[in-house]
Amino acid sequence: MLEQMGKAAKAASYQLAQLSAKEKNRVLERIADYLEAQAAEILQANAQDVAQARADGLSEAMIDRLSLTVERLSAIAGDVRQVCNLADPVGQVIDGGLLDSGLRIERRRVPLGVIGVIYEARPNVTVDVAALCLKTGNAAILRGGKETWRTNAATVKVIQQALEECGLPGGAVQAIESPDRALVNEMLRMDKYIDMLIPRGGAGLHKLCREQSTIPVITGGIGVCHIFVDETAEIEPALKVIVNAKTQRPSTCNTVETLLVHKGVADSFLPALSQQMAASGVTLHADENVLARLTGGPAQVVAVQAHEYDDEFLSLDLNIRLVESLDEAIAHIREHGTQHSDAILTRTLRNADRFVNEVDSSAVYVNASTRFTDGAQFGLGAEVAVSTQKLHARGPMGLEALTTYKWIGFGDNTIRA
């Protein structure tokens, strides 16, 4: 089965690579329209997935990830239309010039070919990946989690209908619907057909792909994100940022998981934090210094477990630790962070500069929420993933991250001396 999917995707990728931006946008507009026109079918499939997830005892965080509503589906369609408005990077000349030999050389952006994406309970990824791949002339093979197989199948059916009505092969976007995990292992070795693999899921999935894949892998999306409140931070603005970073949508990878507080501001900041977290329904997982100060306060507080510094809660839970200095905060982030998104709340330029320069994450913020690490928020349109590695892309992966380049030389019967 996967062999045939690979062949179809590779053949489709050659056709997609020749499309103009206008032709690709026409397909994307049709996909967006059909997502809204056929919302009932997609939402019905999603409701079945959600019901099965509840019966299987999945956490509320996971159920929130896989749930679609009319509003969420409309927003997903809106993201597809936003991709239409973005400049097409394919064909862009990056650089070049005339060489001493008389050869005129240029470096031009081209599609990667076929993108494979393995992801868990996020049905929006199906559309995000399809839109970005089509805009950049790439075919896609998608393997969503077993929790959303009905939703993914219904969504891909709509996408393929739009493709075929625009005269393009349905093989340009395909989904592996079977939940058989053996198919994942087979997919990891399809280097004959798949040019780049992107896993979006937990640490176990990333480890499997890094160790078993014969295809270049882009890893990321695991967000143990931090906010450091230094001794100069203003309490009310800081609390506003922390509430947004923790509660706006707790199940996302750019949600803050650990709050580091400078001991110099602890006496004034911690009582205000307790009050705010109680109002926001957040449980604090505190180190021994914080636990003693917050016990008896309005917020629910428990002792932090060592492993929680390295895990994503993806829920209304927040680690909190007192630190002696900026150096200690940076050291904690280096030890426990995942190079996703980290922030400092400060009114000191020197501290801000040091944090930006010394925290080696794909996105670093000064006096802003970590929730901004997102392709749409960065002006990239929908994203295919958030890469936390350094090659070949980093941070939210938009259109350019789904291209490579080729060198083109123009001569006049030019030969090498």
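The side chains of R107 and D95 are joined by a polar contact of 2.7 Å (an N or O pair within 3.5 Å; within protein, one atom must be able to donate a hydrogen and the other to accept it, and sequence-adjacent residues count only through side-chain atoms on both sides). This is a predicted model, with pLDDT of at least 70 needed for local features and 80 or more for side-chain atom pairs, while totals for chains, interfaces and linings use all residues. Numbering runs from 1 along each chain as its sequence is written, and side-chain values rest on heavy atoms, with hydrogens and water left out.

R107 sits in strand β2 (residues 104-111) (strands are DSSP E runs of at least two residues, helices H or I runs of at least four, numbered from the N terminus). Its relative accessibility is 16%, so R107 counts as buried (under 20%; exposed is over 50%, partly exposed in between, with a 1.4 Å probe and protein chains only). Beyond four places in sequence, the contacts of R107 (heavy atoms within 4.5 Å) include Q92, I94, Y405 and W407.

Turning to the helices, α3 (residues 39-55) and α7 (residues 149-165) have axes that come within 7 Å and cross at roughly 165° (lines fitted to C-alpha atoms over the stretch in contact, with angles from 0 to 180 degrees between N-to-C directions). The two are therefore roughly antiparallel (over 145 degrees). Among the residues that meet are E41, I42 and D49 from α3 and W149, R150 and V158 from α7.

As for V356, this residue lies in helix α14 (residues 349-358) and, at 38% relative accessibility, counts as partly exposed. V356 touches V364 and V366, leaving out residues up to four places away in sequence.

Terms used:
Angles under 35 degrees count as roughly parallel, over 145 as roughly antiparallel, 65 to 115 as roughly perpendicular and the rest as oblique.
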